Amino acid sequence: MAISFSLEGKSALVTGANTGIGQAIAVALAQAGADVAVAGRSEPAETLDLIAQTGRKAVNIKADLSSIEPVQRVIAEAVAGLGKLDVLVNNAGIIRRDDLLQFSEEDWDAVIDTNLKTLFFLSQAAAKGMVEQGSGKIVNIASLLTFQGGIRVPSYAAAKSGVSGVTKAMANELAPRGVQVNAIAPGYISTNNTAALQGDETRNRQILERIPTGRWGNPDDIAGAAVFLASPASNYVTGHVLAVDGGWLAR
Ligand code: NDP
């Protein structure tokens, strides 16, 4: 049997794709042959343009995913725009930093809601159609803080650990119905999110010394893993959290 990484004839939805990792994933899925919808708050003009350049269909869905209020509409608009939904990539995420002893309820709830609660309910809404069609792929963006505690980011560590748990829970229940659910745990990836960290000379040096590959990752490093997990090549992979971290966790 030929192994296929092609997404020809598939339809995908990527959240938070106006920039960074989400943009790279959305464009890579289109390059692999998928029509792609993107959902988020900010204007994703550049992403839509890059998808269109691949010759694939691009659909924009405006939604604030800090609560689950828009999830049914987002899935309905993706299906209406693309005809069906084969792949969901839950990428939208935020981080809040503060000392543990004064960490606020607001920072706790904001991070858990966007990074974990919306991820689950969007997946649930997408999975209904995937179960009906007997196939589908859900790819959740986790973090190294799925495995580690970090410093001054307790709600982010909790949310991203939760992403691992919910990935496995969904994988268990959806595997018999033809749907695979996996996560990617990016290491240190150069995006807007990490610009301040990269700009801090001491922290940047410490980080680089700790990464066996000796460099920051770039969004395309994550996109490659996403295409694999969205494609038929990964049909026997489910409930897995794939670290794409330049070897960070190996050290
Ligand atoms: P960016 O800040 O560049 O991208 C985050 C994306 O999430 C943006 O598109 C943002 O849209 C979207 N988003 C945030 N809040 C909402 C919301 N309420 N509604 C809709 N969209 C929202 O960061 P990255 O590309 O670095 O991060 C992408 C994912 O990767 C996140 O889940 C992050 O936790 C994870 N990650 C990143 C790592 C890194 O090193 N960069 C490491 C590990 C994990 P908007 O611009 O509208 O806010």
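## Secondary structure and overall form

Helices, meaning DSSP runs of H or I with at least four residues, and strands, meaning runs of E with at least two, are numbered from the N terminus. The model described here is predicted. In these terms the chain has 8 helices and 7 strands.

A compact globule of 251 residues would have a radius of gyration near 18 Å, and the value for the chain, 17 Å, agrees with this. Along the principal axes, the C-alpha atoms fill a box of roughly 50 × 40 × 35 Å. Of the 251 residues, 45% count as buried. When contacts between residues at least 6 apart in sequence are considered, 71% of them join residues at least 24 apart.

## The sheet

The 7 strands form an open sheet with parallel pairing, in the order S3-S2-S1-S4-S5-S6-S7. Strand S3 (58-62) and strand S7 (241-244) stand at the edges; each has a single partner strand, so one side of each is left without a neighbour in the sheet. On average, and with direction ignored, neighbouring strands of this sheet are turned by 20° against each other.

Helix H5 (residues 154-174) packs on the sheet, where it touches strand S5 (136-141), strand S6 (179-186) and S7. The direction of H5 makes about 160° with that of S6.

Strand S1 (residues 11-15) is largely enclosed by the rest of the structure, because 5 of its 5 residues are buried. Both faces are covered: Ser 11, Leu 13 and Thr 15 are buried on one side, and Ala 12 and Val 14 are buried on the other.

S1 runs parallel to S2, and 5 bridges join the two strands. Within this pairing, Ala 12 stands opposite Val 36 in S2. Strand S2 (residues 35-40) also pairs with S3 in the parallel sense, over 5 bridges. There, the bridge partner of Val 38 is Asn 60 in S3.

## The ligand shell

The ligand is surrounded by 26 residues, the closest being Gly 16, Gly 20, Arg 41, Ser 42 and Gly 93. By class, this shell has 16 polar, 8 nonpolar and 2 charged residues. Helix H1 (residues 20-31) gives the most to the shell, with 3 residues.

## Two loop residues

Pro 70 lies in the loop between S3 and helix H3 (71-82). With 18 other C-beta atoms within 10 Å, Pro 70 is partly exposed, because a residue counts as buried at 20 or more such atoms and as exposed at 12 or fewer. Leaving aside neighbours within four places in sequence, Pro 70 is in contact with Ala 63, Asp 64 and Leu 65. Pro 70 and Thr 118 are 48 residues apart in sequence, while their C-alpha atoms are 9.3 Å apart in space.

Arg 152 is placed in the loop between S5 and H5. Although Arg 152 is not a glycine, it has a positive phi of about 70°. Arg 152 is partly exposed, with 13 other C-beta atoms within 10 Å.

Key
Residues are numbered from 1 along each chain as its sequence is written. This is a predicted model: local features need pLDDT of at least 70, side-chain atom pairs count only at pLDDT 80 or more; totals for chains, interfaces and linings use all residues. A residue is near a molecule or strand if its C-beta atom, placed from the backbone, lies within 6 Å of it. Ala, Val, Leu, Ile, Met, Phe, Trp, Tyr, Cys and Pro count as nonpolar, Asp, Glu, Lys and Arg as charged, and the others, Gly among them, as polar. Two strands pair if DSSP finds at least two bridges between them. Axes are lines fitted to C-alpha atoms, for helices over the stretch in contact, and angles run from 0 to 180 degrees between N-to-C directions. Two residues are in contact if their C-beta atoms, placed from the backbone, lie within 7 Å. The radius of gyration is taken over C-alpha atoms; the globule rule is 2.2 Å times the number of residues to the power 0.38.
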